[in-house]
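User: I'd like to go through the aromatic rings and the nonpolar parts of this one. Can we take it step by step?

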Amino acid sequence: MQVTDIGNKEEGKIWHRKPAPGNGILVTVMRSAQQAKTVRFLHVAFDTTGDCFLAGDHHGNIYVFDISRNRFRLVQKTGLACTALAFNLRRTTEFLVALADYSIKCFDKDTKQLVSWMRGHEGAVSSISVHSSGRYAITTSSDTAQLWDLDTFERKRKLNIKQSVGIQRVFFLPLSNTILSCFSDDSIFAWESETLSCKYQLPVPEGPRICYKAFAVTRDGKTLAAGGRSNLFHLWCLDNKQLIRVVQMPVKVRTIRQLQFLPDSFDAGASQTLGVLSQDGVMRFINIHTCKLLFHIGSHDDAITTATVSPNGRHVVAIMDNGSINVYSVQSLTQKINRPPPPQVAVVSGGEVDGGSSNLKVKVGSEVIQRPAKTSGRRTQSNVFGSMTDDKENELPAGLNKKRLVGLLKAFGEYPAKYRMFVWRTLLRLPENHAAYSSLTDKGLHLAYLSLHEKYPIKSYKLQRGLQRVLSSLAHWAAIFGETEYLPLVAFPFVKLFENNPLICFEVVATVIVNWCQHWFEYFPNPPLNILSMVENVTAHHDKELLQHLVDCGITSQLYVWPLLETLFSEVLTREEWLRLFDNVFSNHPSFLLIVCVAYITCCRAPLLLCSQKQDFEYFFHHRNNLDVGAMIKEAYRLMSSTPADIHPRAMLSDFTPLTKGQYPVFNHYPESIVEYQSREREKIRQQEMEYLKERQTLSDLRTDFVRRKAEEEAYYAQQELLQQAEDQRRHILSQEEEKLTQQRTKLTAMKREMKVKELQLLDASRRRFLKHQQDLRASQIERLEQEISRKIDLREHETAAAVEDVEIRQMEMEAQRKQLEQELLKEQERVGQEVQQEVEMRMRKADKEEESYRELVVNADANLRALEESMAEACQLGIESDWEREVAQCLERVDAEQERKTHRLAGLHRETLEQQDRLVNTLREMEGRKWDEVMSARAQLQEPHPSLSSADTGHRQMRIRSPCSTRGLLHKQSAIPAAAATTDGNVVTIDNPRQEGTNMVCLNNHSPSESTSTNFSLDRGRAQLDSKERELMRDVRELRQKLAARAREGSSFASQSPVSQ
């Protein structure tokens, strides 16, 4: 039977190894508080599945135990003792708890939250019944019963009764809507749960009153069992409302406390097994049809207070008289029903009860109750395989026999590796005290082993933690183990071997220390000199030569025995060799370990005799050597049997003693004063170290604080710098924003200015449109004037062309006259001949050149006229735009001034030309006169008789030479030259035009027949009219320009005045 002490744990395992119920008990659950006090469990309740149950203790703690998952968990701390539990609600995670303050609370086991709080009772709630649907619940107290709706947690009905009649119990019938109410006067009523109308009442049996206290109903709701203050209980058939059977319990049963039907998977809800709990604490399970006792649980020494059967019929949970919980396996309990037990109960009457209860005569025989023997408490009860012998030392748990195991060991040399751990646990008879070990581990790591990893560094963290845990548990068990330096060497091989089972590891090490380390601690802190002396005596008896060699080399037993014992041979043997050795150690007397030390020394006799240095011996006993373990074990058995009794270690060491069950034995085989002194010294050193560490920590804290303050100061300055930078940046940003705002304002002002300008432009455009309209009117007028001017210019051009044609006609006439005169002159000057003709041709060429120059003058005059016309057109064009009228007027004035200057200059040049022409004409006249005189004198000389030819030739030559002098030096001008007349010796010559002068001028003399005849050529006919017209036209143009300039001045003055007025 496993015992689990949950203590103050909030969750954990229910059992630590798979239960093997020998008497039907799976596990016993208890809860111990401080000062070894046990907290009593009060009530239990199963859920609908039957795998979990609630348990409430006296302190108000509610636990959930999951049997299928082997877990328990604390789900609520109410602070008050519970009086009833219910765990079969529709919401499977919720449960109801009735507390000592008469209230009912609903909690959620997963979230641990309070769902609802129901009040209404004025007394303690004794039972809670939940409808099969899980929607309704009935709570019963001694004075009232109340119906609750579990969806809204509201009270629907309340049952009030007379004070003289108390309520025993009110509950729902399974698989129906019927409520049964049982009262203290043994009356039983059935009610409809919906309407709360009374359906029927069971008749009260005649005869002595039973005073019903306990009730049970089968799962199909057809059979009711009721019992009370009697050893009788009634079976009612609820279908026909009749009492079908009265069953009498044994004489020792005086009161029935509780009734529970045991469900079966194949009975269709009509349970046949009924559990009856009586006042003696024994719950008997009987068959209600055969009235046979099937099995029972509990006893007088281990009485049951209350019990609950799971809905699936697999487990029974009983609260014992000592406050613990026993979980029974129904399957294990029913397997013991192999032989028919004697009749335990008698059926007095099973017939109808029409004749009344007086016909029911109870005849009860003696009761024989076979109870299981009470366990001793040191080991669990188990079946023993093999024959029982009188030698109790060879009896081992689990049906093993030590003699047989030793025989197998001697035959094979070792135990099978598969079963070695099991054999060791059996040989050592480990108690597996889970609660005691848990109390040791709950104390945490011992101070002596907090820095174990510094002295014994282990690569595996799990192995190191396991070693620390086992050593700490040993130190908490006995104070000396916290001071023993070689304890880690003793425990390490077992910790490595039982790495996954710390409880077994601890108990194995503790068993080894108690049995195989006897008298080791008597000389603490020195090695066990008595044990070493035993080994030395045995060595001296069996090999004096080897011992003498060791003595001669100065090697004591502390160098060649103690290294083997303090490490349990783990340094000198491999794993397999060590396991094989301890198979034999655990199977023999504790003195076998010391004999093995002698066997090891004697088996290594040859290499030891060769050693002479102390370092060689130290190395030899701390390292592995080439040794046959089998031969060593055989040698150990030989020495074990051949060593005399007076020096045999068996006489000094006690027999094997296993650890006690429940609590571990007290270990005090050591000098307590020394241990306490060392403990005090160690504590003093530890305190000094703590003070040093505190001072060091304080210094470190100060340094850390200084560094922190420095870092904070630096961080502060850095932060201030960052803040300054951020402030500067913000100021820069603000300045940028102000600049942007200023720019925006400037843009806004510019936009306003542009808008104003646009408005002014619009106004100006309107004014310009008006002015343009006026200008268009004036332009039209100017255009009409320009048309008039153009018409007048065309008319003048026509007149000029007509005048030119007239001049050409005149020239043609003059040419004709000239030709006629020349012909006449040629006729007259036949004598002159070719000389005169050449002279004339020469003069003709000169005249042509002069005519071309005159034509160029005419062309220039036309070009000037066209320039004037173009300037007038430009003036007209400029007059269209009023803005430029003033400049046009000024330009016109400048042009007029320039034209006037040019006119004055031309007039001056004309006068100069005229003067030069006059002078030239005069000069020519003088020259012509002189030449003409010479010609005339020469002609006179020619007319003489003989020298006439020579004189004629001379005169002809002079004429040919001088006659051109009359036209030499003539200049051609732009304007017309007035006529100039010159008379020489009665001859008159008239020059009308320079062009005609250059082309048609001929020196005429009076060699014609009539010398008094004067010929006048007039070339200026119509020239005066053209000049007068030109002057008139220029006058009109000047007047027009003046008018345009005046209008331009008026327009500009009006434009400058209009903005001011606006």
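User: What sits over the ring of tryptophan 117?
Analyst: The charged end of lysine 105, 4.1 Å from the ring's centre. A charge sits over a ring if NZ of Lys or CZ of Arg is within 6 Å of the ring centre and within 35 degrees of the ring normal. Arginine 169 has its charged end over the ring of phenylalanine 171, 4.9 Å from the centre.

User: Where do these values come from?
Analyst: This is a predicted model, where local features need pLDDT of at least 70, side-chain atom pairs count only at pLDDT 80 or more, and totals for chains, interfaces and linings use all residues. Residues are numbered from 1 along each chain as its sequence is written, and side-chain values use heavy atoms, leaving out hydrogens and water.

User: How many aromatic pairs are there?
Analyst: The search of the whole structure gives 38. Rings of Phe, Tyr and Trp (its six-membered ring) pair if their centres lie within 6.5 Å; planes under 30 degrees apart count as stacked, over 60 as edge-to-face and the rest as tilted. Phenylalanine 189 and tryptophan 191 make a tilted pair, with 6.1 Å between centres and 35° between planes.

User: Why is the pair of tryptophan 516 and phenylalanine 586 edge-to-face?
Analyst: Because their planes are at 65°, with the centres 5.2 Å apart.

User: Changing topic, which residues have the most contacts inside the largest nonpolar core?
Analyst: Leu474, Phe494 and Phe569, in a core of 98 residues. A nonpolar core is a set of buried (under 20% relative accessible area, 1.4 Å probe, protein chains only) Ala, Val, Leu, Ile, Met, Phe, Trp, Tyr and Cys residues joined through side-chain atoms within 4.5 Å.

Notes:
Buried < 20%, exposed > 50% of the residue type's maximum accessible area, 1.4 Å probe, protein only.
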